[in-house]
Amino acid sequence: MGTSLTPEFWERFAVLLVVSIGVTCVLTAAFDALAVRLLRRRVRSQSEQGGAASTVADHRTSVRA
């Protein structure tokens with residue numbers, strides 16, 4: 001027995017699709033922020049322990065003329 005895809009189905013499908021995309025974007029942003037925070041903390045703790053450890057900012061060239 002075949003079932004037809006009703007307008008209610010498409011409405012629910014669209015709502016669930018938009019909600020899932022939104023949740024995915026929010027979770028991705030949260031995990032990215034967490035990863036960046038952990039990496040910065042790791043670099044900061046290594047520079048404090050090593051003393052003379054250089055960071056990426058030390059190697060950047062000045063943009064000002």
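Predicted model: local features only at pLDDT ≥ 70, side-chain atom pairs only at ≥ 80, totals over all residues.

I began with Trp-10, which is partly exposed because its relative accessibility is 43%; buried means under 20%, exposed over 50% and partly exposed in between, with a 1.4 Å probe and protein chains only. Residues are numbered from 1 along each chain as its sequence is written, and side-chain values use heavy atoms, leaving out hydrogens and water.

Next I looked up Phe-9 and found it partly exposed, at 37% relative accessible area. Phe-13 is partly exposed too, at 41%.

Then I turned to ring pairs (Phe, Tyr and Trp rings, the six-membered one for Trp, with centres within 6.5 Å; planes under 30 degrees apart are stacked, over 60 edge-to-face, the rest tilted). How many aromatic pairs are there by this rule? The count is three. Phe-9 and Trp-10 have ring centres 5.1 Å apart and planes at 75°, so I noted them as edge-to-face. Phe-9 and Phe-13 are stacked, because their planes sit at 20°, with centres 6.1 Å apart. Ring pairs link Phe-9, Trp-10 and Phe-13 into a cluster.

Where do Phe-9 and Phe-13 lie? I found both in helix α1, four residues apart, about one turn of the helix; helices are DSSP runs (H or I, at least four residues), numbered from the N terminus.

Last, I checked Val-15, which is in helix α1 (residues 7–50). Val-15 is partly exposed, at 48% relative accessibility.

Definitions and conventions:
Helix = DSSP H or I, 4+ residues; strand = E, 2+ residues; numbered from the N terminus.
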